[in-house]
Amino acid sequence: MELDTCCCICNRLDEDGAHLFFKCKWVKKLWRELGLESFKIQLSILSDAKQCVELILALPSEKQCLIVMLLNNW
């Protein structure tokens with residue numbers, strides 16, 4: 001069975017979670033426009049989802065909400 005691994009947003013090959021949430025040129029723009037680029041960088045270098053959740057939960061509630069809303073809606 002052949003699977004299409006292209007990003008449905010930018011058509012880049014071999015989409016994975018890191019590309020989808022942190023590396024796609026369109027999602028990078030959203031992080032930047034929301035003033036969250038430094039958090040994107042911190043999250044993108046972590047090795048698993050548990051570490052990402054722990055980092056998000058350690059942030060002030062306003063930043064937590066923005067990041068969770070971005071990730072959920074994206």
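Trp-31 is buried, and its relative accessible area is 0%. In this predicted model, Trp-31 is one of the residues touched by Lys-40, leaving aside residues up to four places away in sequence. Trp-31 also forms an aromatic pair with Phe-22. The chain around these residues has 5 helices and 0 strands.

**The aromatic pair**

- The count of aromatic pairs comes to 1.
- The ring centres of Phe-22 and Trp-31 are 5.9 Å apart and the ring planes stand at 40°, so the pair is classed as tilted.
- The class follows because planes under 30 degrees apart count as stacked and those over 60 as edge-to-face, with the rest called tilted.
- Phe-22 is buried, with a relative accessible area of 10%.
- Both values lie below the cut-off, because buried means under 20% relative accessible area.

**Lys-40**

- Lys-40 is part of helix α3, which covers residues 37-44.
- Lys-40 is buried but has no salt bridge.
- The nearest side chain of opposite charge to Lys-40 belongs to Glu-37, 4.9 Å away.
- Not counting residues up to four places away in sequence, Lys-40 touches Phe-22, Lys-28 and Trp-31.

- Ala-18 sits in helix α1, made up of residues 17-23.
- Ala-18 has a relative accessibility of 26% and so counts as partly exposed.
- Ala-18 and Ser-44 are 26 residues apart along the chain, and their C-alpha atoms are separated by 6.7 Å.

**The chain as a whole**

- Along the sequence, the pattern reads α-α-α-α-α.
- The C-alpha atoms fill a box of roughly 45 × 25 × 20 Å along the principal axes.
- The chain has 74 residues, of which 22% are buried.
- Of the contacts between residues at least 6 apart in sequence, 31% join residues at least 24 apart.

**Surface and charge**

- The chain carries 9 positive and 10 negative charges.
- The mean positions of the positive and negative charges are 7 Å apart.

Notes: Residues are numbered from 1 along each chain as its sequence is written. This is a predicted model: local features need pLDDT of at least 70, side-chain atom pairs count only at pLDDT 80 or more; totals for chains, interfaces and linings use all residues. Side-chain values use heavy atoms; hydrogens and water are left out. Helices (H or I, at least four residues) and strands (E, at least two) are DSSP runs, numbered from the N terminus. Buried means under 20% relative accessible area, exposed over 50%, partly exposed in between (1.4 Å probe, protein chains only). Lys and Arg count as positive and Asp and Glu as negative; His and the chain ends are not counted. A salt bridge is a side-chain nitrogen of Lys or Arg within 4 Å of a carboxyl oxygen of Asp or Glu. Contact means heavy atoms within 4.5 Å. Rings of Phe, Tyr and Trp (its six-membered ring) pair if their centres lie within 6.5 Å; planes under 30 degrees apart count as stacked, over 60 as edge-to-face and the rest as tilted. The place of a charge is taken as NZ of Lys, CZ of Arg, CG of Asp or CD of Glu.
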